[in-house]
Structures are given as structure tokens and as C-alpha cells.
Amino acid sequence: MTHPDSVTSLPGAAPTVVSPLAPADDTWSVGGVTLSSRVLLGTSRYPSLQTMLESVEASGAEVVTVSVRRVDLGATGDGQTLLGSLRQRTTTDGRPLHLLPNTAGCYTAKEAIFTAHLAREALETDWIKLEVIGDEETLYPDAVQLLKAASELVRDGFEVFAYCGDDPITARKLADLGCAAVMPLAAPIGSGMGLVNPYALRIIRELLPDVPLVVDAGIGTASDAARAMELGYDAVLLNTAVSGAMHPVQMAAAIGHAVAGGRLARRAGRIPRRLYAQASTPDDGRVEVDE
């Protein structure tokens with residue numbers, strides 16, 4: 001599979017910027033910041049830096065994640081590096097992007113806590129996406145180490161965005177610790193499997209009605225993102241679905257539109273599922289035909 005540097009490499013195509021489909025008053029707050037966009041986008045494994053930047057713009061994202069252990073935190077704002085380019089970037093309506101450093105690659109609470117403090121010092125932010133991985137094959141989080149790290153980081157004043165499994169009990173414990181956001185996976189990282197357990201995700205939403213919830217990991221395409229929003233989640237966080245797509249910028253735009261559409265559908269209220277058919281036209285005034 002080849003990856004064009006830009007959607008403009010397609011015949012007749014032009015970069016797409018997501019229009020503000022959702023109502024202007026439909027914002028959400030997390031980590032002390034009010035956001036309009038409900039897309040959080042990762043910045044790794046893109047075919048080029050330019051493709052990544054165009055994808056961020058096309059998605060409408062206001063928050064981008066960066067791996068503390070995999071980028072040069074000493075990068076300046078000269079626009080020639082990942083961090084430099086992101087620091088110069090603004091959203092389509094002129095707001096600066098929010099950087100969300102993550103602890104990807106950490107396997108113990110001690111590693112994750114150290115990495116979080118490194119990110120705070122280098123990037124001057126209290127935000128941290130907390131990942132503590134328990135297994136190299138599945139990349140599932142280690143709930144015990146995760147809770148341990150989250151507890152200490154919250155005490156240290158961090159705004160913790162906690163990546164967790166789809167276990168409602170762990171999600172509730174993270175919320176009780178004071179995490180800024182709880183982010184259950186839809187499926188294993190990078191798998192593209194979509195929402196494999198929507199029932200668990202629905203339970204988490206019902207258990208934590210007032211906690212910012214973000215579906216994180218496993219999103220494969222736009223319909224997965226829309227479904228997450230229809231379940232009542234506040235946002236989605238994804239990376240591989242865009243960076244690994246045949247045309248990343250187009251997929252980023254599709255994700256942005258899908259999130260907006262799913263959010264509108266959630267607010268509109270879907271009809272109930274029925275076992276049997278129900279006529280869409282009333283019987284009143286129906287013309288009777290004599291046999």
C-alpha cells in the first residue's frame with residue numbers, strides 16, 4: 001500500500017477541512033479546557049510530517065497526542081520538527097492546538113510516572129495521557145499499575161487522561177481517583193477492529209454520566225467513530241485509522257464528519273429498536289376498498 005503525502009495527489013482532489021457541523025454551543029470540557037472538536041488525533045506513523053499536519057487540519061482536532069519517549073522534547077518552534085510544527089499550528093478558527101503528551105511504551109507505574117514528569121518539565125503542561133501496558137502482544141493496559149500511577153499523578157497535580165480496558169470497574173476507580181478523563185479502548189491498539197464490546201462501553205457511560213469519556217484505540221474507520229459518539233461518549237482518540245489509511249487526509253476528514261454526525265444523532269435521540277414492523281403512515285383516513 002502506498003501513502004500519498006497529501007490528498008492533493010488524488011486526481012481532482014483538494015484538501016478537505018471539516019465544517020462545523022455540530023451546534024456552536026455543543027462544547028465539552030476536559031482538563032480545565034473547553035473544546036469544540038471531539039476528535040483527538042495521534043501524530044505517529046504518518047508517511048510524512050506534511051501529511052500529519054494536513055490530517056490534523058482535516059479532522060478538525062484541537063488536541064493532538066505526542067509520545068514522550070519517541071520524540072525530541074527539546075525541539076524548538078522553528079517548524080522543522082514534529083513539536084516545532086505543532087506549536088506553530090492553529091485550528092481552522094485560529095485557536096492553538098493543545099498538546100497531550102502520552103506515556104506510550106511504559107510497562108510499570110514507575111516508568112509512567114517518570115515519563116509524565118519529564119513531559120511536564122519539557123512541554124510545560126499538566127496534561128498527560130497515561131498508558132501503562134501489561135502485555136507486548138495485545139498492548140492491553142495493566143489495570144493494577146495503571147491505577148497506581150494514576151493515583152500518584154493526580155496527587156502531583158496532573159490532569160490525567162487514563163487509557164484503560166473496557167472494564168467498568170476499572171473505569172469507575174479511575175474516575176474516583178480524580179482523572180480528568182477516562183478513556184476505555186474500543187479494541188486493541190492499532191487493530192482497527194472497531195467497537196468490539198459496545199455493551200461494556202455503554203455500561204461505562206451509564207456508570208459515569210458526568211465524567212469526560214473518550215473512546216481510545218481500535219477505531220478503524222469513520223463508522224466506528226460515529227458509533228462511539230452515538231453511545232454518548234464525549235470524544236474519540238485515534239491514530240492508526242488515519243495514519244495507516246491509503247489516503248490519510250481524506251480519512252481524517254471522514255472521521256471529523258462522522259464524529260459530528262454521531263454527536264448530532266445522539267442529541268437527536270434515535271428511535272427504539274422493535275422486534276416487529278411498525279407502519280410509518282397512520283391508519284387514520286385510509287381509503288377502504290370493497291372486495
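Colleague: How many salt bridges does the count come to?
Modeller: The count comes to eight salt bridges. Keep in mind that this is a predicted model.

Colleague: OK, let's pick one. Which residue does Arg38 form a salt bridge with?
Modeller: Arg38 pairs with Asp26, and their closest N and O atoms are 3.1 Å apart. That pair links distant parts of the chain, twelve residues apart. Arg38 sits in the loop between strand S2 (33-35) and strand S3 (39-42), while Asp26 is in the segment before strand S1 (28-30).

Colleague: Is Asp26 buried or exposed?
Modeller: Asp26 is at 6% relative accessibility, so it counts as buried. Arg38 is buried too, with a relative accessible area of 6%.

Colleague: And what about Asp26 and Arg263, how far apart are the closest N and O atoms there?
Modeller: Those atoms are 2.8 Å apart, and Asp26 and Arg263 form a salt bridge. Here the two residues are 237 residues apart in the chain, with Arg263 in helix H9 (residues 248-268). Arg263 counts as buried as well, at 17% relative accessibility.

Colleague: Which residues are linked in a network of salt bridges?
Modeller: The network is made of Asp26, Arg38, Arg263 and Arg267.

Colleague: Switching topic: where do Glu206 and Arg202 lie?
Modeller: Both are in helix H6 (residues 198-207), four residues apart, which is about one turn of the helix.

Colleague: Is Glu206 buried or exposed?
Modeller: Glu206 has a relative accessible area of 53%, so it is exposed; the cut-off for that is over 50%.

Definitions and conventions: Residues numbered from 1 in each chain as written. Predicted model: local features only at pLDDT ≥ 70, side-chain atom pairs only at ≥ 80, totals over all residues. Heavy atoms only, no water. Salt bridge = Lys/Arg side-chain N within 4 Å of Asp/Glu carboxyl O. Buried < 20%, exposed > 50% of the residue type's maximum accessible area, 1.4 Å probe, protein only.
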